[in-house]
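Please read them with the structure open.

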Amino acid sequence: MSESRRDDPNSSANDVLEALWNLVLNVQMRLEFWHGLFGDRARVDRLNEIAGGAIGLIQRSMWDDILIGLARLFDPPSMGKHSNLSLRTLVNEYGLPQDKARRVRVEELLDAAPVNELKVVRDKLISHNAREWKLGQAPKTGFYYGMEKRLLEAAQNVLHEINLDLNDAGYIWEWSDSSNAADRLFKVLDNGRRHEEELAWLERHLLAEVKAGCPVSLNEFKNLGGFWMKAL
């Protein structure tokens with residue numbers, strides 16, 4: 001353990017472990033929501049029909065936010081005089097796990113994770129260091145779809161091994177209902193759009209009948225009122 005960690009009575013290994021677990025859980029919830037809302041091509045096409053511009057802004061902002069969260073987890077334990085809260089904090093600063101076999105396992109997990117590709121994404125896309133991006137071209141990062149899940153799984157497994165070493169217990173990773181929340185949001189947006197489409201069709205139908213001199217029934221007016229109520 002470094003002198004800075006040893007001299008800090010408020011910074012125990014378990015405190016850092018719990019803080020990292022909360023960060024990993026937070027990234028997991030955001031990632032589940034993102035995949036639940038944007039992971040299906042047909043759903044993305046429908047969202048583009050509903051409000052493509054606004055949905056695109058939300059999609060990109062959420063994705064960058066997820067990558068920032070993952071990048072923080074895999075950052076070095078410190079940058080200059082600034083200490084980071086990362087997986088390497090427990091490994092490098094606290095010397096965990098102390099068990100040699102678990103230590104080897106943790107190093108293998110960290111080495112196998114696509115950390116370098118993630119750093120390139122952060123530096124080029126998020127930190128505004130990509131000249132290609134500024135010129136409207138997609139920079140080559142080496143980071144491809146699916147790596148975010150590998151990084152999250154690696155972080156979970158690293159904390160699992162460290163907790164086994166530190167507390168003789170492992171974390172039980174529970175899936176949140178973030179994907180269900182994404183399903184509910186999509187249904188609300190989709191239903192609202194369908195009501196708008198039905199209302200527009202009925203208005204066109206009634207207008208065509210009026211222009212053609214056809215009588216409009218009371219039921220048709222009632223239907224129009226019902227669609228308005230649904231839209232509201």
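1. The largest cavity comes first. This is a predicted model, and about 30 Å³ of space lies in its largest cavity. The structure holds one cavity of 30 Å³ or more. Rolling a probe the size of a water molecule over the atoms shows where empty space is left.

2. The lining of the largest cavity is made up of Ala 71, Phe 74, Asp 75, Val 115, Leu 118, Lys 119 and Arg 122. Helix H6, residues 115–126, gives the largest share of this lining, with four residues. Sorted by class, the lining has four nonpolar and three charged residues, and no polar ones.

3. Asp 75, one of the lining residues, sits in the loop between H3 and strand S1 (78–79). Is Asp 75 buried or exposed? Asp 75 has a relative accessible area of 8%, under the 20% cut-off, and therefore counts as buried. Beyond its neighbours within four places in sequence, Asp 75 is in contact with Asn 84, Ser 86, Arg 88 and Arg 122.

4. Asp 111 belongs to helix H5. Its relative accessible area is 59%, over the 50% cut-off, so Asp 111 is classed as exposed.

5. Next, the nonpolar core. The largest nonpolar core has 44 residues, and Phe 74 and Leu 90 have the most contacts inside it. Two or more core residues come from each of helix H2 (13–38), helix H3 (41–73), helix H4 (87–93), helix H5 (100–112), H6, helix H8 (147–167) and helix H9 (178–211). In soluble globular proteins, nonpolar side chains tend to be buried together.

6. Which residues does Leu 90 contact, leaving aside its neighbours within four places in sequence? They are Ala 13, Val 16, Leu 17, Leu 20, Gly 95, Leu 96, Leu 159 and Ile 162.

7. Leu 96, one of the contacts of Leu 90, is joined to Pro 97 by a cis peptide bond, with omega at about -5°. Pro 97 lies in the loop between H4 and H5. Most peptide bonds are trans.

8. Of its 232 residues, 35% count as buried. Among contacts with a separation of 6 or more, 69% are between residues 24 or more positions apart.

9. Confidence is the last point. The mean pLDDT of the chain is 77, and 66% of its residues reach 70 or more. Helix H1 (residues 3–6) has the lowest confidence, at a mean of 44, while H5 has the highest, at 95. Residues 1–10 have pLDDT below 50, and this stretch makes 13 contacts in the model beyond near neighbours in sequence. Residues 227–232 are also below 50, with seven such contacts. Where pLDDT is low, the predicted coordinates should not be read in detail.

How values were computed:
Residues are numbered from 1 along each chain as its sequence is written. This is a predicted model: local features need pLDDT of at least 70, side-chain atom pairs count only at pLDDT 80 or more; totals for chains, interfaces and linings use all residues. Side-chain values use heavy atoms; hydrogens and water are left out. On a 1 Å grid over the protein atoms alone, a cavity is a set of points where a 1.4 Å probe fits but cannot get out, and a pocket is an open set with protein on both sides within 12 Å along at least five of seven lines; lining residues have an atom within 4 Å of a point. Grid points are joined across faces, edges and corners, and a volume is the space filled by probe spheres set on the points. Ala, Val, Leu, Ile, Met, Phe, Trp, Tyr, Cys and Pro count as nonpolar, Asp, Glu, Lys and Arg as charged, and the others, Gly among them, as polar. A nonpolar core is a set of buried Ala, Val, Leu, Ile, Met, Phe, Trp, Tyr and Cys residues joined through side-chain atoms within 4.5 Å. Buried means under 20% relative accessible area, exposed over 50%, partly exposed in between (1.4 Å probe, protein chains only). Contact means heavy atoms within 4.5 Å. pLDDT is the predictor's confidence in each residue, from 0 to 100.
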